[in-house]
Number of protein chains: 2
Amino acid sequence: MSEDSTFAVTVDLVVLTVRDEELSALLVRRGVPPHEGCWALPGGFVHLDEDLVDAAIRELTEETGVADPAGHLEQLGSYGTPGRDPRGRVVTVAYLALLPDLPTPVAGSDAAQAQWRSVSELSDSELAFDHDQILADGVERARAKLEYTPLAAAFCPPEFTIAQLRAVYETVWNTRLDPRNFHRKVTGTPGFLAPVGRATEGDRGRPAQLFHRGPASLLYPPMLRPPTG
Amino acid sequence: MSEDSTFAVTVDLVVLTVRDEELSALLVRRGVPPHEGCWALPGGFVHLDEDLVDAAIRELTEETGVADPAGHLEQLGSYGTPGRDPRGRVVTVAYLALLPDLPTPVAGSDAAQAQWRSVSELSDSELAFDHDQILADGVERARAKLEYTPLAAAFCPPEFTIAQLRAVYETVWNTRLDPRNFHRKVTGTPGFLAPVGRATEGDRGRPAQLFHRGPASLLYPPMLRPPTG
DNA sequence: TGAATAGTGTCTCTTAGACACTATTTA
DNA sequence: TAAATAGTGTCTAAGAGACACTATTCA
C-alpha cells in the first residue's frame, strides 16, 4: 500500500422530505466532539469491507428507522478539503436521499437527537464541518433534478394524487404552478405516471385519481422551472 | 483518529476533447502493476495536505502539460467498491475535464505512454480497474451537460465560430443539427456567446463571426437533444 | 344548495424544426 | 463564373401559460 493512505472516509447524508409545505432536511445533534452540540448531517465512518452506497444505506436506516421505503438515493459528491475535520484528513462521500414524509420518521440510535428542519429556515454556518455547503449542494441537486427526471414522486407515498405531486414541485421550487396546466403536462408526459385505477375518498371536493411512479427515468420534454426574476 | 482510516484516496480524470470528428478521451498505459500494460484513466494518489480538486489539477497538468487552458473541470463522482483495486481499499474521486483540442496534447511524465482514444472505438473492459465505468459516466455527464449549460464552448479554443460549436454538439451527441436553426438558437440564447467583433479569414466560403464564451452558466431555454429512437 | 377540489377545452404566444433564400468569400 | 460556407426569413407544428368551463364530491 502507499504511504499516502492516512485518510479516513465517511459518508454523510442529505435526507430531504416535503412536510407541512416545507422542504425539510434530517439533521442530528452531535453528541461527541468535534462540534459537540451542533446540528449536522447524519453520517459516519465507512467500514473497511463496505461499499460506499451500502454505508449510506446503513446510516440512513440507523437514523430514520426505515429500510429504504419508496424513496431515492444517489451519490451527491465528495468533500475532502484538508482541515474540514479537526480530527485529521477525512474525505466524506455525500449522498442525497429523497423520501416521502414518514409517519414515524426519526428513530435514531447513535445521534443524541434527530429532527426534521426546514431548509429555508436554516441560517448559514449553523451546521458542523462543511455541512452547510453539502446541504446546499443537495438541495440544488434536488431542485434541478425535478426538471428532467420523475424524482418528485420519490417525495410522495407509493400511491399519490396529481395535487400531491404538484405540491412537491411547488414546495421544492418555492413557486406556484397552475393546477390545470400541471395536470395536462404530467399526464401527457409518457412514463411519468402509471394510473392505479382507484381514486381518493373522504376528502373535500371531487375525488382524485391515484397514480404511482411510471417507468420513465428521464422526462421528455422536461418540466422547466419558471425562470427566476 | 478512528481505526477505520486504512483508506487510500486517489483522483482519476476523464479528460475529453473533440478531435477529428470524434469524442476522445485521454488514456495512459500503465507502467507498473496492477494492470501493467493496460490502458487506464490518468490519475494518482492525493497528497495528505492537498485538496481533492488541486490533486486533479496537478494530475491534469502532469499528463497533458497544460495548466488549465480555457477548459472546464468538475467533480464527477467517487468510486470505492471494496476490491476495485487489488492493492487495498482505495476510494477514487473522479473528475471530468473538457478541453479544446490541444496543439501538442500529450506530454506525460509518469505514464509510459499517453494517447487520445476515440470513445466510440473503445471496447468494454478494455481499461484497468473500474475505469470503463468511470469513463462511461463521464461521457454521459458531458452529453447531458451540453443541454443545459454553455459547456460545449469548453471544447473550443478561446475564439470560435458557430460552426465549430455546432461540430462539438454533433460529435458529442453523435447527431446532426440544422446549421441555420442552430445559429438562430445559440445567438438567441442570452449569455451563451459574446461576439469578438472579428471574422475568420482564408477559409472557403463566407467568413464567420468569432465568439467567445458568454457569461451564462445555465442555458435558458436549454438545447435539448433530439429524442433518440 | 354552495363550497371545494378534479379535470377538460380553448385560445394565444413562444419555440423547434423544415427549408427557401440571400450574403460573402475562394478558386 | 461556380462552389462553398455564413447567415436571415418564413412557414408549420407542438408545447407553455392563461383561464373559462364542466364534473364530482362533502357539508
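**A protein dimer on DNA strand D**

Reader: How many residue pairs are in polar contact between chain A and chain B?

Author: In this predicted model, local features need pLDDT of at least 70, side-chain atom pairs count only at pLDDT 80 or more, and totals for chains, interfaces and linings use all residues. Residues are numbered from 1 along each chain as its sequence is written, chains are lettered from A and ligands numbered from 1 in the order written, and side-chain values use heavy atoms, without hydrogens and water. A polar contact is a pair of N or O atoms within 3.5 Å; within protein, one must be able to donate a hydrogen and the other to accept it, and residues adjacent in sequence count only if both atoms are side-chain atoms. Between chain A and chain B, with both residues at pLDDT 80 or more, the count is 11.

Reader: Which strand supplies the largest share of the side of chain A that touches chain B?

Author: Strand 1 (8-19), strand 5 (72-79) and strand 6 (90-98) of chain A each supply at least two residues there; strands (E, at least two residues) and helices (H or I, at least four) are DSSP runs numbered from the N terminus. The largest share is 4 residues, from strand 5 of chain A.

Reader: How many residues of chain B are in contact with chain A?

Author: Contact means heavy atoms within 4.5 Å. Of the interface residues of chain A, 100% are also interface residues in chain B, so the copies meet through the same surface. Chain A brings 35 residues to the contact, and chain B brings 35.

Reader: What relation holds between chain A and chain B?

Author: Chain A can be laid on chain B by a turn of 180° and a shift of 0.0 Å along the axis, with an RMSD of 0.0 Å. That is the relation of a two-fold axis.

Reader: What is the distance from a backbone N or O atom of B:Gln209 to a phosphate oxygen of DNA strand D?

Author: Around DNA strand D there are 19 residues, and B:Gln209 is among those that come nearest, with A:Arg180, A:Asn181, A:Lys185 and B:Arg206. Another phosphate contact is made by B:Arg204, with an N or O atom of its side chain 3.4 Å from a phosphate oxygen of DNA strand D. For the backbone atom of B:Gln209, the distance is 3.0 Å.

Reader: Which element gives the most to the surface near DNA strand D?

Author: Two elements give two or more residues to that surface, helix 4 (179-188) of chain A and helix 4 (179-188) of chain B. The most, 4 residues, comes from helix 4 of chain A.

Definitions and conventions: Copies are superposed by least squares on the C-alpha atoms of residues with pLDDT of at least 70 in both. A residue is near a molecule or strand if one of its heavy atoms lies within 4 Å of it.
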